[in-house]
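Good morning, colleagues. Please look at the structure on the screen while I go through a few of its local features.

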Amino acid sequence: VDNSGIQFTSEMEITLDGAMGSEEDIIRAMIVSTNKDYDGWDDKRDTGRLNRIIRDHHSSPFEMCEMRFIIEVPIFVVRELQRYRTANMNEMSGRYTELPPKFYIPKEENIRTQVGKPMSYEYEMVKSPLTRALVLSGFTEVIEHTWEEYQLMLLNGVARELARAILPLNIYTKLMWKNDLRNIVHFIVQRTHPSAMLEIRELATKMEEIVAKEFPRFYKLWVENGRQDL
Ligand SMILES: Cc1cc2nc3c(=O)[nH]c(=O)nc-3n(C[C@H](O)[C@H](O)[C@H](O)COP(=O)(O)OP(=O)(O)OC[C@H]3O[C@@H](n4cnc5c(N)ncnc54)[C@H](O)[C@@H]3O)c2cc1C
């Protein structure tokens, strides 16, 4: 069994695959209640309207905008991502395809220890070079060993759905994930919080950068209003 193709990485990858809606659509949804026609973006008036509904948590107009992402992260990150029930997702199947040999390995500076109590842990870098080396060799050995066993099973005709069960949580998976702007913001608020797991924080931060680019007028006001749930 050849192990040379294994990819070790610590990147959380996310790209925008499609988006629907704009700040104009948020305002249009808002003024449906008044049964008036919308005559297009008026900066002063509509910035005021947008600011008002962000500030007062009038959340449903933000559900009129949607974003669809392609996300490539390890399974232990998806375990957290998939808790967002308002999202739609489709994921690569370990039954229908042989999984690519791509595995998460932490950057040395992210090898951490937790201090404090459950629910309010803080994380500090592991100071001991010996422990950091132990972590890196532990990750590498398990990855190489399980990949070898996975390959051996496949070579001997074992079904992919069974062979994949020995692979570790740090193997990468790929998915399409779609949600509306209100619930994307909810994800970002929860998962960019300093108490969130570092790896999902990295994903959520990249998602926030995409939101900022896609909905700049909304993003500016949302930040000015304290970056809260809508
Ligand atoms: C720091 C942190 C630690 C966590 N630790 C754990 C853990 O140890 N174990 C664990 O299992 N989970 C854990 N979670 C996950 C958490 O419990 C939520 O499942 C996750 O954050 C998704 O949030 P949500 O339910 O608000 O989002 P979504 O599922 O997207 O829902 C969005 C909103 O829709 C509404 N909604 C959705 N479904 C329902 C429903 N069935 N009934 C009523 N309202 C609904 C709610 O208002 C909800 O806020 C943790 C989350 C965080 C941020």
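**Surface patches and selected residues**

On the surface, Glu141, Glu144, Glu148 and Glu149 gather in a patch of negative charge. This is a predicted model, in which local features need pLDDT of at least 70 and side-chain atom pairs count only at pLDDT 80 or more, while totals for chains, interfaces and linings use all residues. Residues are numbered from 1 along each chain as its sequence is written, and side-chain values use heavy atoms, with hydrogens and water left out.

Patches consist of residues with over 30% relative accessible area and no salt bridge, like charges being joined within 9 Å and nonpolar side chains (Val, Leu, Ile, Met, Phe, Trp, Tyr) within 5 Å. A salt bridge places a side-chain nitrogen of Lys or Arg within 4 Å of a carboxyl oxygen of Asp or Glu. Areas are Shrake-Rupley values with a 1.4 Å probe, and for residues only the protein chains shown count as cover.

Glu149 belongs to helix α4, residues 129-155; helices are DSSP runs of H or I with at least four residues, strands are runs of E with at least two, and both are numbered from the N terminus.

Let me turn to the loops. Ser10 lies between β1 (7-9) and β2 (13-20). Is Ser10 buried or exposed? Its relative accessibility is 13%, so Ser10 counts as buried (under 20%; exposed is over 50%, partly exposed in between; 1.4 Å probe, protein chains only). Asn35, in the loop between α1 (23-31) and α2 (43-55), is exposed at 72%.

Definitions and conventions. Lys, Arg positive; Asp, Glu negative; His and termini not counted. Charge placed at Lys NZ, Arg CZ, Asp CG, Glu CD.
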